[in-house]
Amino acid sequence: MTQSPAREPGYFLDHLRTVDPEVHAALAGELVRQQDGIELIASENLVSRASLEALGSVIVNKTVEGRPGARYYGGAEFADRIEALAIERAKQLFGCAFANVQPHSGSQANQAVFLALLQPGDTVLSMALDAGGHLSHGAAVNLTGKWFDPVRYRTDASGFIDMSEVERLAHEHRPKLIICGGSAYPRAIDFAGFRAIADSVGAILLADMAHFAGLVAGGAHPSPVSHAHVTTATTYKNLRGARGGIILTDDSALARKLDSAVFPGVQGSVILNAVAAKAVCLGEALKPEFKTYAAQVLANARCLAATLMERDIAIVAGGTDTPLLVADLRPFGLTGAAASDSLEAAGLTCNKNAVPGDTQPPRVTSGLRFGSAAGTTRGFGEAEFRRIGGWIADVLHAMAAQGARDEAVEQTIRAEVQALCRAFPIYPGLDARTPEGQ
């Protein structure tokens, strides 16, 4: 049989390096960056080789809408099997009755909650951004802040959530939704206290555990699931899986509303390769060794915080109960933007971050956020994180001493970072010349 001229001979055979050398080169460069540098961004991690395989699998070719067993498209047998696995694993891992694994991100998971439970103009009580809150909790620049009426609670002078202020604001403003959790709050949250406040004003409680879901899964952090009406999370960060969001609840009526809010409310077809990779990471988190990982993530974060404080670097709230910590650079006279650039040049990647009472604009900030999840996945323990803390302090002290970046210090530390990274290699089967593993 003669093939149609529309069928390109190499379409199913040619590798990326042949088809698109520019993209291939960029991916090769990213692999080297990850292999030779230390990742300290709290929202990043290193997925398993199994997750990489799921993300690059043929399920990417399939499109479905709806829930397993109730699709709008045919040919969904294996898509249903994959999503059902992810749902059951999420329910088992977090001890809840219902789970939706379709959200493309944590922000979309939060938007689905808003759509399911609120009307435009309803009041939402959530943490202020500079106190550690998240854009999707009602920030003015976000859809949630433009369509709803946000009221902000803050932290006290010691950097902890001021629960008396939360209670006062709840009774004053009578919010329809109260949110606990954020993107840069390092301390454990009083979930029971938040639920009591929500119940006292007839509000729904949403717990966003995106930044500590892995610790909850591993038993290293209290779970909000039994306290909150709805819990959202991401499957990357310290769950160390594919990028995406999940929604959890024990309420069947809320579950139906949330399912409809995800689809067709805020998104269309399911990204099935991401759901497959979510299923993989949730399955990995159910294994006994994940508890060891979660405990080490917390130990490493606390070790890093203690090391920095020993070097006179102020840490918001005086430490951490989560995989992240926030350094306040105002005593050094440094900005987060300049400090993060210098640390990146030294092979230590982190992100600039607002601190409580920050007066710098968001693109500048007065702080830095660090996370321990990716380094722990790599195999780093407390000894390595003490070295990392020392390197961070060396860079910051050098900048403060001369009022600018110290390139000599950066280059010296970068060589030491690279040596440490090569002692803890990642993706040994991959090569910078063939990042797809071929």
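Of the 62 residues in the largest nonpolar core of this predicted model, the ones touching the most other members are Phe94, Tyr153, Ile178, Phe194, Met209, Leu239 and Leu248. Helix 11 (residues 272–285) gives this core its largest share, 8 residues. A nonpolar core here is a set of buried Ala, Val, Leu, Ile, Met, Phe, Trp, Tyr and Cys residues joined through side-chain atoms within 4.5 Å; buried means under 20% relative accessible area, exposed over 50%, and partly exposed in between (1.4 Å probe, protein chains only). Helices (H or I, at least four residues) and strands (E, at least two) are DSSP runs, numbered from the N terminus. Apart from this core lies another one, of 35 residues, including Cys303 and Leu334.

The model is predicted, so to speak of local features takes pLDDT of at least 70, and side-chain atom pairs count only at pLDDT 80 or more, while totals for chains, interfaces and linings use all residues. Residues are numbered from 1 along each chain as its sequence is written, and side-chain values use heavy atoms, with hydrogens and water left out.

What about charged pairs? The count comes to 18 salt bridges, each a side-chain nitrogen of Lys or Arg within 4 Å of a carboxyl oxygen of Asp or Glu. One of them joins Arg33 and Glu30 (2.8 Å, N to O); both sit in helix 2 (residues 21–36), 3 residues apart, about one turn of the helix. Another pairs Arg422 with Asp36 (3.2 Å, N to O), and this one links distant parts of the chain, 386 residues apart. Arg422 is exposed at 54%, whereas Asp36 is buried at 18%.
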